[in-house]
Structure formats: structure tokens, C-alpha cells
Amino acid sequence: MKAVYATDLSAASEAAIENETCLGCLARIGIEEMHLVTVVPSNVHAGMPGMDFEGRRKRGLARYRRTMENAGFDVETHVVRGTPHRRINGIAGTVGADLTVVGSRGKSPLENRVIGSTARNLARTTVVPLVVNRVERGAENPDVVRQHLFRRVLFATDFSENADRAFQAFSYLRHATREATLVHVRSPKDPGPEGDLTPEDRLTELAEQLDEWEIDVETDVRRGDPADEILAAEAEYDPTTVLIGSRGHSRLRRLLLGSVSEDVVARANGNVFLVPPPRTV
């Protein structure tokens, strides 16, 4: 498997990239090849007064590359110019990446680009599954918030086709996952269940699949605003990662996982693993 790892050369990006535990989790789920990407904003030029961006870029990328190679990955570096989320998506498509990883906060050395906004834009536009690796906010020397990316997963589902697709990520996450909590949020406006299966029944069916992979599972059906309840569940269960699909529609034509997934990416305390719809040809 291949991953694009996006960095703005900030302290937050460095904390995520140089965390051995996080890199180990990526290796356990099957990532072997890393494409380390940094995007130079179009309005930034190497000769700008006070900006040794060229030197910082070379030193940063060389250090990050050594770290990843020492962790056992094959590494290629890419330096491109343009809008960060567009160029990151473009490289992910070009190299055939299975995953994109981005740190969640922190200003770049140019002091005009916040990786948090890039993460949110990627949540809206990503063409491959996206891991938002949460880094401490406001810390001078930040560290990752959760040491193990996939050890405890909270999976949020509206039972849509794309939520089902997100659930299939457990086929490789299971190599790093020990515990999972399956959550469905019912709005007061929702109609009754389709057919004979209740939401509890449907979560139980999913739990049985994870039981076969020896993942400890519990289920939770909640009522209220989807994003608020997913974040409340995160606070209650303290997962290392929230797994969610994006732009999903249920069979009842109820939009749940569009803006909800972006909201979760922006507001979650820990990591988020976002699975987008299939690529269109």
C-alpha cells in the first residue's frame, strides 16, 4: 500500500512524522511506500525578505525522509507549488495512493498557512481515505494527541452505502485495532427502521464481523444532532481514531455524512480517518 504524507514543515507536522508509534501503526496496516509532499503556496517566492524557505524545506524534507526510511518505508519526496489541498489530492491520484495523512494543526515557517485549514479542505475534497493526525494545539513543542493511530476505533455509521464502504477499512485496520465502538445517531425526525431490523440489530451484525477478527466491540445507538453526538461519543469512549465516511446518503435519502464528516474533522479531539466515496471515472 502507498500513502501520501503531507507536511507544511511546521512543528505540528514534525511531531506527527517523527512519532515512531504512529509510523508503526501505518506499517501494521500495510503501508510500505510513502510519498512525502510539501506544497509551496503560489504567493510565496524563495527570494522573499527574511524567508529561508528553500533551506528549511531541504533540511526538513531530508530529516523526515531519514525518519521514514529508518522506520522501514520506501520514500519519495515531492515539492510542488499551488493550493495545498488541490496539489495533495493531485499527487495522491497520480501515484495511486491508498491513503493520505496530514497533521491537524500548526503554522508553517512562512506564517501564512495553517495546516488545520488544509486538513478541513482535504476532508471536503479528498480522493482517497484521509487520516487527520491530531497534534496538540497551542503547544510550543507539540506532540501527537494519541500515540496509537488505530488501536481504539470509534466507527460512526448512518448505514449508507459509503458508511458501509468506510466499515470495510477494518479489513486492514484490524492489524492495528484492538477495540472498536460502533455508533449510530438517530435524529428525532428520523422515520422508523426499514424492514425488521432495528439500528441495534444492524450494529450487532457489524459487530459480529469484527468479533471474527478478534476485535473487542461495543455498540451505541444515540439520539440528537449527528456531529454533536459523534463528538460526545468520542469524549465518552476516548478512541484513538474516529472512522467515518463522507458525503453519504442513507437509503431514506437523508444526508448525514457530508458536512457532518467535515465538522468532525474540525472539532474532534483525536485523530479522524475519513473515507470518501469511490472515485468517478
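Helix H9 (residues 226-237) lies across strands S6 (152-156), S7 (179-186), S8 and S9 (241-245), running at about 140° to S8. Here contact means heavy atoms within 4.5 Å, and axes are lines fitted to C-alpha atoms, for helices over the stretch in contact, with angles from 0 to 180 degrees between N-to-C directions. Helices (H or I, at least four residues) and strands (E, at least two) are DSSP runs, numbered from the N terminus.

This is a predicted model, in which local features need pLDDT of at least 70 and side-chain atom pairs count only at pLDDT 80 or more, while totals for chains, interfaces and linings use all residues. Residues are numbered from 1 along each chain as its sequence is written, and side-chain values use heavy atoms, leaving out hydrogens and water.

**The sheet**
- An open sheet of mixed pairing is formed by 10 strands in the order S3-S2-S1-S4-S5-S10-S9-S6-S7-S8; two strands pair if DSSP finds at least two bridges between them.
- Strands S3 (74-81) and S8 (216-223) stand at the edges with a single partner strand each, so one side of each has no neighbour in the sheet.
- On average, neighbouring strands of this sheet are turned by 20° against each other, direction ignored.

**Strands S1 and S4**
- S1 (residues 2-6) and S4 (residues 99-103) run parallel and are joined by four bridges.
- In S4, Thr 100 stands opposite Val 4.

**Cysteines**
- The disulfide count is zero, taking a disulfide as a pair of cysteine sulfur atoms within 2.5 Å.
- Cys 22 is in no disulfide, and its nearest cysteine sulfur, that of Cys 25, is 6.3 Å away.
- Cys 22 is buried, with a relative accessible area of 2%; buried means under 20%, exposed over 50%, and partly exposed in between (1.4 Å probe, protein chains only).
- Cys 25 is buried, with a relative accessible area of 1%.
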